Amino acid sequence: MAEDSKLWDVIYDGPFVPTKTSGDPAILACQSTKEIWGTLQTTHEGTTQIKQSKIDMLTTVYELFRMKDDESIQDMHTRFTSIINELHSLGEIISRNKLFRKILSVLPSSWESKVNAIIKAKDLQKLIIDELVGNLKIYEMKKKKDNERRSPKR
């Protein structure tokens, strides 16, 4: 005790382990890591019913997805990817082939010749989505440049 009074307190009273009691009371009541994981999963994703409702809603958004008239390929791709990522995080996986076909089907009718060329020239099973989007961006730039050339300069 003469050497270090704080050490003597630890020996006499035992170690002081600080605890913090803030947080989710439901997690504090859990007895195992499995219960904690289940509670965190339900808190984050919701119940199975809520999760299925989210999947249903996002599937409808996916099915009704269209490229807007004034939208660039990049903006359309960003919106599309957001929907796909949300579905993926909920465990709903859409095949690569379906994703490509969906992207090609939402393009405006003025893109029909490009869509047909891609379908005929590319094997959609082997194509990477970045290649498809890159190909569409190049076509978009060419279309824009052609339109600028055709329109009279003021």
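Reader: What volume does the largest pocket have?
Author: About 200 Å³, taken as the space filled by probe spheres set on grid points joined across faces, edges and corners. A pocket here is an open set of points on a 1 Å grid over the protein atoms alone, where a 1.4 Å probe fits, with protein on both sides within 12 Å along at least five of seven lines. This is a predicted model, in which local features need pLDDT of at least 70 and side-chain atom pairs pLDDT 80 or more, while totals for chains, interfaces and linings use all residues. Residues are numbered from 1 along each chain as its sequence is written, and side-chain values use heavy atoms, leaving out hydrogens and water.

Reader: Which residues line the largest pocket?
Author: M67, K68, D69, E71, P108, W111, E140, K143, K144 and N147, where lining means an atom within 4 Å of a point.

Reader: And how does the lining split by class?
Author: Into 6 charged, 3 nonpolar and 1 polar. Asp, Glu, Lys and Arg count as charged, Ala, Val, Leu, Ile, Met, Phe, Trp, Tyr, Cys and Pro as nonpolar, and the others as polar.

Reader: Switching to the fold. How many helices and strands?
Author: The chain has 8 helices and 0 strands, counted as DSSP runs of at least four residues (H or I) and at least two (E).

Reader: At what angle do α5 and α8 pack?
Author: Helix α5 (residues 73-89) meets helix α8 (residues 129-150) at about 150°, and their axes are 9 Å apart. The two are therefore roughly antiparallel, the word for angles over 145 degrees.

Reader: Which residues make that contact?
Author: On the α5 side I73, Q74 and H77, and on the α8 side I129, V133, L136, K137 and E140. Contact means heavy atoms within 4.5 Å. By class, these residues are 4 nonpolar, 2 polar and 2 charged. E140 of α8 belongs to this contact and also lines the largest pocket.

Reader: What is buried in α6?
Author: In helix α6 (residues 96-106), L99, F100, K102, I103, L104 and V106 are buried, that is, under 20% relative accessible area. They pack against α4 (48-64), α5, α7 (112-121) and α8.

Reader: How much of the chain counts as buried?
Author: 24% of the 154 residues.

Reader: Where does I36 sit, and what does I36 touch?
Author: I36 lies in helix α3 (residues 33-45). Leaving aside residues up to four places away in sequence, I36 touches I27 and C30.

Reader: Why does I36 count as partly exposed?
Author: Because its relative accessibility is 30%, and partly exposed covers the range between buried and exposed, the latter being over 50%.

Terms used: Axes are lines fitted to C-alpha atoms, for helices over the stretch in contact, and angles run from 0 to 180 degrees between N-to-C directions. Angles under 35 degrees count as roughly parallel, over 145 as roughly antiparallel, 65 to 115 as roughly perpendicular and the rest as oblique. Buried means under 20% relative accessible area, exposed over 50%, partly exposed in between (1.4 Å probe, protein chains only).
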